[in-house]
Amino acid sequence: MDKKSNKAGPLAVNSGRNVTIKDLAGELGLSITTISRALSGYTDVGENTRKRVEEAATRLGYRPNRNAQRLVTRRTHNIGWVQPDNERKFLDPHFVEVMAGVLRGARARNYDIVMTSATADHEMATYDRYVKDNSVDGFIVDLPREGDPRIDYLLEAGRPFVVHGRESRHARYGWVDVDNYANFYRLARLLAANGHRNIAFINGDERFIYADTRRRAVEDALSDFGIGTAGLRVYNSLHPMGEVGFKLTTEALRDGAVTAVLYSSILMAIEGHNAVVRAGRTVEKDIAIATMDDVLHYLDIDHVAESLTFVRSSLQEAGVAIVEEISRQCDRHGAPSGTIIPSTFHVLPGWDAQSLDLPIPERAGMY
């Protein structure tokens with residue numbers, strides 16, 4: 001250091017010692033406060049200055065001291081994710097896909113995920129402990145229900161959080177979701193438009209909003225098409241979905257009038273496909289299958305994909321977007337916002353797909 005100017009000289013890249021925020025300030029001729037606020041994403045730092053600071057930090061190999069940052073900014077760069085004390089949840093491939101995306105997003109945004117499980121009677125106490133000891137910057141809430149107490153608590157506490165899904169108060173918090181209503185309205189209308197009047201719908205657990213919304217969408221589509229719901233049979237799995245697709249399909253096929261089965265998950269659809277074959281029926285010729293495909297990477301659907309109609313949306317992409325929303329709130333102090341993960345339809349050749357282009361009716365409570 002120059003004793004006369006009291007200013008640090010240029011630092012060599014990879015100089016072999018830990019670069020401090022004071023070193024960055026000396027290198028750029030900026031105050032330590034400016035450096036700190038630029039790296040923390042504060043909007044009162046100009047865009048050009050922020051880029052200079054970030055480029056210098058990368059070039060010189062600066063890594064923030066998390067403990068020191070926490071003392072100054074009261075930020076932890078931790079995201080809390082409280083799960084139910086249910087070992088089946090951790091084996092659920094849908095959850096695994098979301099978690100893979102969350103971990104990828106957290107890595108990119110320099111966050112750590114603090115995950116724990118809690119029994120139903122201790123769940124809210126866990127949220128309260130994390131808030132009171134300031135051990136996380138924000139929360140992920142998944143599988144919401146209407147009037148969810150977790151959302152009640154976090155809205156009252158004023159802490160950043162993002163919901164994977166949404167309920168009626170979604171204008172007040174950040175959320176990431178697929179358009180459940182539109183997707184299943186279109187799938188049901190597609191089946192009706194192609195002549196199916198007796199449809200079995202094998203849905204998820206309707207205690208949760210996503211499954212309840214999907215059922216409403218199917219019922220509305222058939223009613224709006226003019227055929228009503230007399231020919232609709234609904235079968236529900238418990239959460240998590242899976243391992244019941246074969247059983248419920250076998251049950252549905254006992255009704256010889258059924259000509260189509262609509263599934264809430266590709267996992268159940270694959271099992272259902274096997275049940276159709278086992279029953280001596282032919283998929284596509286005797287029984288049409290339509291399903292949601294969440295892009296479960298462990299599941300190879302190539303052997304059946306050519307006989308299915310499906311709507312595809314990536315749960316991993318949703319996981320990345322969840323962290324993006326937390327980061328936007330915490331790092332950039334943005335207001336909560338919602339994100340719809342896009343979906344694409346894959347329709348069997350020869351099917352009339354014109355109904356996919358028709359608008360979805362406006363209805364209150366659509367999710």
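## Second largest pocket

The lining of the second largest pocket comprises 7 nonpolar, 4 polar and 9 charged residues (Ala, Val, Leu, Ile, Met, Phe, Trp, Tyr, Cys and Pro count as nonpolar, Asp, Glu, Lys and Arg as charged, and the others, Gly among them, as polar). The model is predicted: local features need pLDDT of at least 70 and side-chain atom pairs pLDDT 80 or more, while totals for chains, interfaces and linings use all residues. Residues are numbered from 1 along each chain as its sequence is written, and side-chain values use heavy atoms, without hydrogens and water.

This pocket holds about 410 Å³ of space. Among its 20 lining residues, P84, E123, R145, R150 and F208 lie nearest the centre. A pocket is an open set of points, on a 1 Å grid over the protein atoms alone, where a 1.4 Å probe fits, with protein on both sides within 12 Å along at least five of seven lines; lining residues have an atom within 4 Å of a point. Because domain 2 (78-177) and domain 3 (180-312 + 344-356) both give residues to the lining, the second largest pocket lies between them (domain bounds come from an automatic or database assignment).

## Largest pocket

The largest pocket has a volume of about 950 Å³, taken as the space filled by probe spheres set on grid points joined across faces, edges and corners. Of its 34 lining residues, L39, S40, G41, H77 and D331 are closest to the centre. Helix 3 gives the most, with 5 residues (helices are DSSP runs of H or I, at least four residues, and strands runs of E, at least two, numbered from the N terminus).
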